[in-house]
Each structure stands twice: as structure tokens, then as C-alpha cells.
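Here are a few friendly notes to read alongside the structure. Keep the picture open and look up each part as you go.

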Amino acid sequence: MSTLFSIVLAFSLLLSGAGATAYASQDSLPAQPLYPIKLVTEDLRLALTADPAAELQLLLELATRRAQEMLALASAGQPVPAQTPARLQTQLERALALAVGLDSPALEQIRQMTDAQTHTLAQARALAPDDAGLQLGEQTLAETHALAELGLTDPALLREQLPPAPPPHPPP
């Protein structure tokens with residue numbers, strides 16, 4: 001009986017430690033030790049989201065988080081690694097692919113989010129005007145914004161212009 005209790009206790013401690021680490025990682029930035037854990041937890045949340053509308057909301061939340069990370073890096077005088085705007089692009093491509101299958105308010109949400117995050121990256125660029133990662137992030141937001149506007153006026157043309165749908169969830 002005590003062996004079973006020890007196993008259950010060890011497993012419980014392991015899970016609570018993993019949960020605490022995942023929670024602590026949520027404020028981490030690229031190049032920090034807990035950042036990969038943050039990305040894995042995001043991917044897990046996406047993988048467990050079955051409803052397309054809920055997945056779209058989560059993708060927009062994560063894209064907003066990427067822009068906030070870029071601003072935080074620029075504020076700290078650190079360069080934005082290429083993986084951050086690349087992940088932003090993957091998330092926004094998936095969001096557009098989902099939005100095409102949903103109603104037009106989904107495209108309007110994407111348009112509004114990209115507009116707001118363009119302002120966030122403009123603040124970051126004022127701090128780091130030559131940062132290539134910020135330039136890629138701005139380009140991604142501008143392209144997504146234009147595609148969302150196109151979809152609001154001509155959904156069929158948007159479907160033609162979208163690249164092949166990315167996998168349902170980005171790799172970790």
C-alpha cells in the first residue's frame with residue numbers, strides 16, 4: 001500500500017511541478033529558458049481546441065502575444081529572433097483559413113487585431129528601427145490586414161489568394 005501511495009505522490013508532484021513551470025513560462029520572452037515551454041503549452045491549447053470559432057479566438061490571442069513579445073524585446077534593446085515573426089505568420093495564416101469558413105465577423109476580428117498590433121509594432125520600431133524581426137512582423141500584419149479586408153469585400157477572391165491551408169496546428 002505504501003508503494004502505491006509513493007507512486008501516486010511522486011506522480012502528483014511531477015504534474016504539479018510541470019504545471020507550475022508551464023504557468024511560470026507564460027511571461028517569458030524568446031531566448032529565455034522557459035520560452036520553449038510557453039510555445040509547447042500554446043500548441044497544446046490549440047490542439048485541444050476543437051471548435052473553429054474558439055480556435056480562431058485563440059490564434060488571435062496568440063498573434064497579439066507575439067506582437068507584445070516583439071515590443072518587449074525592442075523595449076529591452078534585444079533583437080527579435082526570426083522565429084517570432086515566423087510563428088506570427090503561421091498563426092495568422094491559420095486564422096485566415098479558419099475565418100474563410102466562418103462568417104464575415106471573423107474576418108473583421110482579424111482586420112481589427114492586425115490594425116491594433118500594427119500600432120504595437122510601430123512603437124517597437126521606434127525603439128529599434130533596423131530590427132529585421134520587427135520588419136517581418138510588420139510585413140506579416142500588413143499582408144494579413146489586406147487579406148482580411150479583401151475577404152470582407154470579396155470572399156471568393158480571398159479564397160483564391162490564400163496559400164494552401166497550413167496544418168491545423170503549428171509544430172512545437
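How are helix 3 and helix 4 oriented to each other, roughly parallel or roughly antiparallel? Point 3 has the answer.

1. **What you are looking at.** This is a predicted model, in which local features need pLDDT of at least 70 and side-chain atom pairs count only at pLDDT 80 or more, while totals for chains, interfaces and linings use all residues. Residues are numbered from 1 along each chain as its sequence is written, and side-chain values use heavy atoms, with hydrogens and water left out.

2. **The whole chain.** The protein chain has 7 helices and 0 strands, where helices (H or I, at least four residues) and strands (E, at least two) are DSSP runs numbered from the N terminus. Of its 172 residues, 39% count as buried, meaning under 20% relative accessible area with a 1.4 Å probe, protein chains only. Take the contacts (heavy atoms within 4.5 Å) between residues at least 6 apart in sequence: 67% of them join residues at least 24 apart.

3. **Helix 3 with helix 4.** Helix 3 (residues 52-75) packs on helix 4 at an angle of about 155°, and their axes are 9 Å apart. Axes are lines fitted to C-alpha atoms over the stretch in contact, and angles run from 0 to 180 degrees between N-to-C directions. The two helices are therefore roughly antiparallel, a label for angles over 145 degrees. Among the residues that meet are Leu56, Leu59 and Ala63 from helix 3, and Leu88, Leu92 and Ala95 from helix 4. By class, this contact has 12 nonpolar, 2 polar and 5 charged residues; Ala, Val, Leu, Ile, Met, Phe, Trp, Tyr, Cys and Pro count as nonpolar, Asp, Glu, Lys and Arg as charged, and the others, Gly among them, as polar.

4. **Helix 2 with helix 4.** Now compare helix 2 (residues 35-47) with helix 4 (residues 83-101): the angle is about 5° and the axes are 14 Å apart. This pair is therefore roughly parallel, the label for angles under 35 degrees. Tyr35, Leu39, Glu42 and Asp43 in helix 2 meet Gln83, Thr84, Arg87 and Gln91 in helix 4. That contact holds 2 nonpolar, 3 polar and 3 charged residues.

5. **Two places with positive phi.** Gly77 follows helix 3 and has a positive phi, near 75°. Ala31 is a residue other than glycine, yet its phi is also positive, near 80°. Find Ala31 in the loop between helix 1 (2-25) and helix 2. Ala31 counts as exposed because its relative accessibility is 79%, and the cut-off for exposed is over 50%.

Definitions and conventions:
Parallel < 35°, antiparallel > 145°, perpendicular 65-115°, else oblique.
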